Amino acid sequence: KSSILEVDGLTVDYGLKGVSLRAIDNVTFALRAGEAVALVGESGSGKTTTAMAIAGLLSPNARVSKGEVRCYGNRLPIENDAAMRPHRWSETSVVFQGAMNALNPVHRVIKQIAEPCMLKLGMTRGEATARARELLELVGIPAGRGSAYPHELSGGMRQRVMIAMALACRPSIIIGDEPTTALDVITQAQILKLLGDLRSRLNLALILITHDLSLVAECCDRMMIMYAGRIVEDGTVAEIFAKPKHPYTRLLIESIPNPASGKRIIRSIPGDPPNLMNRPSGCAFHPRCPSAMAVCMTEVPSFDEYGQGRVACHLHRLTQEDKVAVHA
Ligand code: SF4
C-alpha cells in the first residue's frame with residue numbers, strides 16, 4: 001500500500017519567554033491507508049507536538065524550523081493557520097481527551113456534529129442534521145439522543161460524540177490524543193473497539209497518542225516510541241513487544257503491570273522524564289540508560305533498520321557490528 005501521509009524531517013521549536021525550545025527533532029515516518037500507529041512516550045517526548053503538527057493545530061508560539069508534512073503527496077501548510085484551514089478536519093481530524101472540555105456545553109450535540117458538515121462540506125442545515133444523525137448511529141448513539149446537551153451524556157457517550165465530529169468531513173486519518181484517558185476501564189475498551197471497527201469499515205488510518213502501552217497492544221499495528229523529541233524505535237507491535245531493541249522501549253514494556261502474575265506493581269523508569277529546557281547531549285536517554293556507554297554522551301545515534309523496524313541506539317549498532325565481526 002502506498003503512503004497517505006509522509007512526515008519528513010519535521011523539526012518544531014517553541015518560543016518561550018525569549019528562549020527557543022526544540023520540541024521535536026527530525027521526525028520522519030510514513031503512514032499507509034488503514035494503518036494504525038501508536039505514538040508512545042512520556043510527557044515531553046514530543047508525541048503531542050508531532051500529532052498536532054500533522055493536524056495543523058500547532059500553538060501560535062510553535063515554529064516549524066525544518067521538514068514538512070505531505071498528505072497524498074501534497075505539502076501541507078502546517079505553519080500557516082489560515083492556509084491550513086481547508087485541510088483541517090477534512091484530511092486529518094483529532095479526537096481529543098476529555099470530551100467535556102472540547103464540546104460546547106450550551107449546544108445540543110447534534111448541532112455540534114452538524115456544524116462542520118455545513119462549514120466544510122457546504123451542506124444545508126437539513127442535510128447536515130441528517131448526516132449528524134447517521135454519524136451518531138455510526139458511533140453507537142441512538143439518533144434520538146442527539147438532542148441532549150453534553151452534560152446529559154456519560155463520559156463514554158461524549159467521547160463517541162467527539163468521534164462522530166471527527167468523522168464529519170470524511171477524513172482519511174484520525175488522530176486520537178489519549179482518547180480514552182479519564183474513562184473507566186470498561187468504557188475505555190468500548191471506545192477502542194469502536195475506533196477499531198470504524199477503522200476497518202471506513203479504511204481510516206489511525207494515529208493513537210498514548211503513554212499506555214496496554215492500549216497499543218490492543219489496537220495498533222505499528223508503534224513509534226518517542227523520547228525527548230525524537231523517534232527512538234519504530235516497528236510492528238508484535239515485533240517490539242516480543243523483542244524491544246531500544247533500552248527505553250524495554251523499560252517501558254517491563255513497566256506494564258502483568259495481571260496474570262497477580263502483581264499489579266507498575267515499575268517506574270528510574271530518573272527524570274525528558275526535559276526540553278535541558279536536553280542531555282548525545283543520546284538524550286543516556287542519563288537514565290542502564291546500558292549507556294561513553295559514545296552515548298556525545299553522539300546522537302542514527303537509525304539502524306531491522307526487519308520491518310528501525311532503532312536509534314549505539315548499543316544496537318555495536319551488537320550488529322559484533323555479529324558481522326563474528327561472521328567475518
Ligand atoms: Fe542507551 Fe546509548 Fe542506546 Fe542511548 S544510545 S539508549 S544511552 S545504549
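Q: Which residue in β4 is the bridge partner of Tyr14?
A: The bridge partner of Tyr14 in β4 is Ala62. Because this is a predicted model, local features need pLDDT of at least 70 and side-chain atom pairs count only at pLDDT 80 or more, while totals for chains, interfaces and linings use all residues. Residues are numbered from 1 along each chain as its sequence is written.

Q: What makes strand β1 and β4 a pair, and how many bridges join them?
A: Strands are DSSP runs of E with at least two residues, helices are runs of H or I with at least four, and both are numbered from the N terminus. Two strands pair if DSSP finds at least two bridges between them. Eight bridges join β1 (residues 3-16) to β4 in the antiparallel sense, so they pair under that rule.

Q: Why is one side of β2 and of β5 left without a neighbour in the sheet?
A: The open sheet has four strands in the order β2-β1-β4-β5, with antiparallel pairing. β2 (19-32) and β5 (74-75) stand at its edges, and each has a single partner strand, so one side of each lacks a neighbour in the sheet. Helix α1 packs on this sheet, where it touches β1, β2 and β4, and its direction makes about 115° with that of β1. Such angles run from 0 to 180 degrees between N-to-C directions, with axes fitted to C-alpha atoms, for helices over the stretch in contact.

Q: Why is Arg63 called partly exposed?
A: A residue is buried if 20 or more other C-beta atoms, placed from the backbone, lie within 10 Å of its own, exposed if 12 or fewer do, and partly exposed in between. Arg63 has 14 such atoms within 10 Å, and therefore counts as partly exposed. Arg63 is found in β4 (residues 62-71).

Q: With which residues is Arg63 in contact, leaving aside its neighbours within four places in sequence?
A: Contact requires C-beta atoms, placed from the backbone, to lie within 7 Å. With those neighbours left aside, Arg63 is in contact with Val12, Asp13 and Gly15.

Q: How many residues of β3 are buried?
A: Five of the five residues of β3 are buried, so that the strand is mostly covered under the cut-off of the burial rule. Ala36, Ala38 and Val40 point one way from β3, whereas Val37 and Leu39 point the other way.

Q: What makes β3 and β8 a parallel pair, and how many bridges join them?
A: Five bridges join β3 to β8, and the two run parallel; Ala36, for instance, has Leu206 in β8 as its bridge partner. β3 also pairs in the parallel sense with β9, over four bridges, and Ala38 stands opposite Met223 there.

Q: What is the order of the open sheet of eight strands?
A: The order is β6-β7-β8-β3-β9-β10-β12-β11, and the pairing is mixed. The twist from one strand to the next averages 20°.

Q: Which residues touch the most other members of the largest nonpolar core?
A: A nonpolar core is a set of buried Ala, Val, Leu, Ile, Met, Phe, Trp, Tyr and Cys residues joined through C-beta atoms within 7 Å. Ile113 and Ala164 touch the most other members among the 84 residues of the largest one. Helix α6 gives the most to this core, with eight residues.

Definitions and conventions: Two residues are in contact if their C-beta atoms, placed from the backbone, lie within 7 Å.
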